[in-house]
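Have the view open as you read, and take the points in order.

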Amino acid sequence: MSGVSRRSVLLGAIGIGAGALTGCTSAVQQAREANASPGRDGGTLVLGSLTDIDPKSIHSQSVTTMAIGLLVWDTLIRYDRRTRTPMPAVARSWDTAPDGLSLTLHLRDDVRFHTGRVLTSEDVAYAISVYASDAAGSQLQAAAKAVIAVDTPDPHTAVLRFAAPPPNVFDLLEFMLLVDSESAAGLRAGTDFVGTGPFRFEGREVAATARFRRFDGYWRGPARLDGVTLRVVRDPGALLTSVRAGQSDLVLDAAPRALRQFRDRSLYRITTGDVADAAYYVGANVAAPALADKRVRQAISYAVDRERIAAEVFAGAARPSAAPWAQSSPGYDAAAAARYSKDPARARALLAEAGGPRRLTVSYPTGLAAAPSIAAIVQNDLAEVGVTVDLDPREQASFSPFLKSGRHELWVGPHGFGQSDPLTLAAGAAPFKPKGNLSGLASPEYTALVARLAEDGQGRPAVLREYTEYLLDQQFIIDLVVSPATYVSPARVKGLDWNLYKYVDLHGVTIR
């Protein structure tokens, strides 16, 4: 080696390696020190997402509203998540009439849209009309339709009127985004997102990124971040890797089983939500000949190992449950939750009685991190009782239209609202609502039962038990586990908050 000894080259290489290692160690230590310090204002948070913004889902509980609902818009109230007590937000106070047939909302006078226009009671009336419409596709449509009129005696007073006292009106006020009537066409097209929230829409590249900048006129005061960028990473593994690589600052609803790589709490923060909002289930299309007999659906329920799903897919963060209710719900009953413990022998007997199918298809959305693992366990468990399962992964954007097409058999999905008033789930959640539910169940008995849930009073607990028993008997929705959301970020991300419907609140978040 001309003019240079082999020994000196080796020593030089060792020196370079040691220097690189020292630099790496120093960088890690600096990160730990920064993560332990109080957060500072500024910077742009990158929100990693498996799916792009879907303008059609703005009025429903969806990946889109969980990511940008409270980024761009506001709601009238915010629940105390522990007690479900309504707290002021855009509505600073309210009065309920003695007969329960009206609710008067007193609005703040300093709430402005990103265009500079002041929010008024007319905007409340408009938002309710949107959520009541069929076009919105909202799970809270029934609650919005319970408002038969909105009086607007002055710009900062809205009087909601009802034909009967609705038990879940505050669920609507926590859920409903105060959308802008003047930019409705742009919202539908996905080109204009105008609200009153802490960040204003700046632009997007479809299927890639969306950019938001701090709105300095926000009524709660300016956000601590300069901006937020939503970045689409369609592969779940790559999405989590992007956090380790410094390309994403926050991932919503991460699969707990994949988070072992974030065990160093001095570098990463794993946040488990305090709202058990997500119930994962297997849905059954009762209009499909193979699933028309409820004994087949009951057999599937007995075949599936809920304990394994809770332990393996959710790393123990989820609770096995055959019923849809969170433990905080008035509908929760421990015996109902445990009704369908794994029992392959009983599953085989029910399939034999019903002359059950030997082959079924299980569809699932690729944008749901937990879905492939749940589907694989269902496939394995049904094989144990003699049913071959074909797995059918589908793109997130096309999954809801596919379910509405009626061409499905079984599917894996999540539903919310088990933590809400029971009427909100029964009357509005797509898997459960009496008219147009995803299972194709059309039953006068079921419709009447849901209507009785709307009656508040001493008899309601008995009706609720009857409703839960109906679900357990019919098994058109085969609930598996109830889970809170899990968020993952570098430890320097501080101040994350959310509402009862998992809309993340980044107003007070810092990343420095």
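1. Which side chain makes a polar contact with the side chain of Asp74 at 2.7 Å? In this predicted model, the partner is Thr196, through its side chain. To find Asp74 itself, look in the loop that runs between helix 2 (63-72) and strand 2 (77-80).

2. Tyr218 is worth a look as well: its side chain makes a polar contact with the Asp74 side chain, at 2.8 Å.

3. Now for the charge. Asp74 is buried, yet it has no salt bridge. Arg220 is the nearest side chain of opposite charge, and it sits 5.1 Å away.

4. Setting aside neighbours within four places in sequence, Asp74 is in contact with Val90, Met176, Leu177, Leu178, Thr196, Gly197, Tyr218 and Trp219. Thr196 and Tyr218, the polar partners from the points above, are in that list.

5. Next, a different topic: cavities.

6. The lining of the largest cavity is made by Ala322, Ala323, Pro324, Phe432, Thr468, Leu471, Leu472, Gln475, Ile477 and Asp479. Two or more of these residues come from each of helix 16 (460-474) and strand 18 (477-483). Helix 16 provides the largest share, with 3 residues.

How values were computed
Residues numbered from 1 in each chain as written. Predicted model: local features only at pLDDT ≥ 70, side-chain atom pairs only at ≥ 80, totals over all residues. Heavy atoms only, no water. Helix = DSSP H or I, 4+ residues; strand = E, 2+ residues; numbered from the N terminus. Buried < 20%, exposed > 50% of the residue type's maximum accessible area, 1.4 Å probe, protein only. Lys, Arg positive; Asp, Glu negative; His and termini not counted. Salt bridge = Lys/Arg side-chain N within 4 Å of Asp/Glu carboxyl O. Polar contact = N/O pair within 3.5 Å; in protein donor to acceptor, adjacent residues only side chain to side chain. Contact = heavy atoms within 4.5 Å. 1 Å grid on protein atoms, 1.4 Å probe; cavity = no way out; pocket = protein on both sides within 12 Å on 5 of 7 lines; lining within 4 Å.
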